[in-house]
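Here is a short tour for anyone planning to work with these coordinates. Please have a look at the chain below, and then we will go through confidence, overall make-up and one residue in its surroundings.

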Amino acid sequence: LMAYYWDSWGKPSSGILTGHTTFLGYYDECINLKNTAVGETRYCIYSMEMETTALLNQVVDHSDGVCHSSECPSPFNASSTMDINLGVCYPAQCTPNEFAAVLSAMDVINIATVVDSPFNNNTNTFTIKLKSTRDSPAFCSVIDAEIDTGTVAVITMCGVLVGLVIIGTTVDGLVGLLSSSDIASKVNREMKSTDGDNVIANRRRQHNQSVVLNALLAFSLYNTVPVLVSTHQSPSIIKGLSSIKVFFNFLVVQIHVLAGAYAYFPLVGQNTNYIRTFISRLIIQPTVNVTFSVDAFFVASGALSAYLTFKDMDKHKRFRWLYFYLNRFFRLSAMYYLFTFISFKLFIHLGCGPMWYSVDYYVCPYTWSYSMVYLTNMISVMYGCFGNTWHISADMQLFLLSPVFILLLYHSRSIGLIAVVLAMIAATTKVGFVAARNGFWAAHGANPNLTEISKQTDGLHYRTYYRVNAYLTGIVLGYILYKRYDISALPIKNWLKWLIYLVLWSVAVYFCTVLSMFGTHGEFTGSHHFTDFENVTFLMYSGLAMSIGLSIFVYILNSGYGGTIGSFLSWPGWDPFARLTFGVYIVQFLVLFYIFGTLQCGLKYTSPVIAMLIIFTLALSYGISAVAALCMELPIATIVSLCFKMAGMEPRSNNRRV
C-alpha cells in the first residue's frame with residue numbers, strides 16, 4: 001500500500017525552469033485507496049522549498065521557451081531556492097498540520113541531475129532537495145462535505161421548481177386539449193347557441209379566472225420558451241442595449257477565465273506566467289480593463305430604469321413608489337437568492353478533484369446576511385457570500401437612490417441636471433481621494449502583486465461610489481431618449497446633420513477606446529509607466545469617459561444614424577441572449593470553479609487553450625442560465641405581474657427585462 005501512496009504523489013518533472021512548479025500527482029489513485037484496508041485517505045497540496053546545491057549557469061528563458069543569449073537570468077544559483085507545489089496522499093487519520101510536520105523533518109526527494117549547457121562545454125551537476133517549510137498545506141481537496149438541513153432544503157427547492165415546470169407544462173397541454181379536442185366533440189350541440197370560437201374563448205376565460213391555475217401555468221414551457229426566444233421588439237425600446245449587454249458580458253466572462261487561471265487557481269497552470277504575456281496584447285485590453293465592461297451594465301441599467309419610469313409616469317400621472325421597488329426586488333431576488341444558496345450549500349457536493357473546494361462553503365455561514373440585503377460589496381469580496389455578485393448589490397443600491405434624480409429630471413430639467421452633476425462631482429472626488437491615499441494603479445491588472453490587486457478591487461472598483469457616474473449617465477441617457485431630443489429634427493441641411501453625427505461617432509469611439517479601455521496598454525507592455533498623478537486622474541475620469549462615449553453611441557443608434565453597424569447592433573436576434581445576461585453573470589463563477597476544480601492534471605496555457613476555456617464557460621453558463629430562466633426567472637416574473645394586477649397595480653406594458 002505504501003507503494004500506491006508514493007505512486008499517487010506529485011513529483012517534479014520537466015519544465016521546472018520555465019515555471020512549471022505544480023505537480024498534482026494522481027488524485028483518483030489516492031482517493032481510491034479508501035477501499036483498501038487503510039481506510040479513508042486525504043489529498044493535499046504542500047508548498048515545498050526546492051534547493052539547488054550547485055551553480056546552473058544557463059537556463060531556458062520564461063517568455064518564449066528559448067534562451068537567446070548567455071545572459072539569460074537563472075533562478076538557480078549556488079544554494080538558491082524556489083517554491084514548488086506537490087500533491088501528497090496520506091491516511092486521513094493524520095491531520096494536514098501533522099503531516100506537514102513529518103514533511104518538514106525529512107528530505108522528501110533528493111534528485112541528482114546532470115545538465116549539459118548548450119552554450120558552452122561545461123557540465124553542471126546539481127541536486128534538488130525538497131522540504132516543507134510551512135506548518136500547514138497550501139491546499140486540501142474537499143471530500144465528502146457534510147450534508148446538512150440547508151443542503152437538503154436547496155435540493156428540495158430545485159426539485160420543486162423542476163416539478164412545477166413539468167406539472168405546469170402538462171396541465172397547459174391538457175388545457176389546450178380540453179379547449180380543442182374535448183370541446184370539439186361537443187361543438188355541434190354548443191354551436192346551436194353560440195359560435196365555436198366563442199366556446200373556446202369562453203372556456204379559456206373560465207380557466208383564466210383561477211389564480212392558482214394561472215400561477216401554475218406560469219411555469220409551463222409553452223409560455224416561457226416563446227418569451228425567452230422572442231425577437232419581437234416594441235417600437236419604444238432602446239435600440240442597441242441588447243447587443244451591448246451581450247458583448248460586454250462576453251468580456252466579463254473572458255476576464256474571469258483569465259483571473260481563474262492566474263489568481264483563483266494558479267496551481268492548475270503549468271505556465272501561469274504565460275497569462276501575464278497574454279494580457280499585454282492590444283486586442284485583450286478591453287478584457288483586462290473589465291471595470292469599463294461593468295460600467296456598461298450600469299449605464300444600461302440606469303437608462304432602462306429612467307426611460308421606463310418616465311413612460312410609466314406619463315401613463316399614470318404619478319410616480320408609483322411601491323410598484324417601482326417591489327417589482328425590481330421580486331424579479332431579481334428569486335433567482336439571486338436561489339443561486340446564492342446553491343453556491344453556499346449545494347455546490348461543494350457537485351464535484352471532486354485535486355483542486356476542488358468552494359469559498360462560499362466556508363465564508364457564507366458568517367456573511368450570507370449581507371447578500372440577502374444587497375450589501376455584498378460593502379465587505380471584502382474574498383469574505384463575502386457569493387462575492388462575485390457584488391455588481392448586483394451595487395446596482396440595487398443605486399436603483400434605490402435613482403428616484404431622486406428621475407423625479408427631479410421629470411419635473412425640472414435644470415434642477416435635475418444640476419443634481420446629477422453635483423452627485424458626479426462628489427463621487428469623482430471620492431474616487432480621487434481613495435486612489436491617491438492608497439496608491440492605486442490605473443491599470444490595476446498590470447500590477448504584479450496579487451495582494452495589491454485584491455486590495456484595489458475591494459477598496460475601489462467594487463464600491464458603489466465608483467459606479468455613480470456610469471449609473472447617472474445612464475439616467476441622463478434615458479431622459480434624452482424619453483424626450484426624443486433628436487438632431488435630425490433640427491432645421492439644418494442634411495449633410496450638416498451627417499457631419500454632426502460623424503463627429504459624435506468620433507467622440508464616442510475616442511472616449512471608449514483611448515480614454516478608457518485601451519488607455520493603459522503602455523502599462524501592460526512596459527512602454528509607459530503611469531505617474532501617481534496619471535493614475536489618480538485616469539481612475540477619476542476614465543469611467544465617466546467610457547459612460548459618456550457609450551451613451552453617445554446608444555443615442556446615435558436610436559436616432560437612426562447608425563448605418564450598417566447600427567442595424568447589426570440593433571438586430572432583434574440579440575434579445576434572447578441579452579435576457580440571459582443576468583443569469584450568466586450569476587452562474588459563471590460556479591462554472592469556472594467547477595471547470596478548474598475538477599481538473600485532474602495541470603494545463604499548459606496557450607491561446608487556443610484559453611479560447612476553449614472561454615467558449616466552454618460561455619456555453620455552459622448560457623445553458624444553465626436558460627434552464628434557470630425557464631424554471632424560475634420567467635415564471636416568477638409572470639406571477640409577480642399577476643399579483644400586481646390582483647392588487648390593482650397595472651404592470652408596465654414593456655416590463656420584460658431584456
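This is a predicted model: local features need pLDDT of at least 70, side-chain atom pairs count only at pLDDT 80 or more; totals for chains, interfaces and linings use all residues.

The protein chain has a mean pLDDT of 83, and 83% of its residues reach 70 or more; pLDDT is the predictor's confidence in each residue, from 0 to 100.

| Stretch | pLDDT | Contacts in the model |
|---|---|---|
| residues 53-79 | below 50 | 53 contacts |
| residues 183-207 | below 50 | 15 contacts |

Residues are numbered from 1 along each chain as its sequence is written, and side-chain values use heavy atoms, with hydrogens and water left out.

The protein chain holds 24 helices and six strands, taken as DSSP runs (helices H or I, at least four residues; strands E, at least two) and numbered from the N terminus. Of its 658 residues, 52% are buried, meaning under 20% relative accessible area with a 1.4 Å probe, protein chains only.

Now to Thr617, which sits in helix α24 (residues 607-646). Is Thr617 buried or exposed? Thr617 counts as buried because its relative accessibility is 1%. Leaving aside neighbours within four places in sequence, Thr617 is in contact with Val253, Val257, Gln588, Val591, Leu592 and Ile595.

Technical notes. Buried means under 20% relative accessible area, exposed over 50%, partly exposed in between (1.4 Å probe, protein chains only). Contact means heavy atoms within 4.5 Å.
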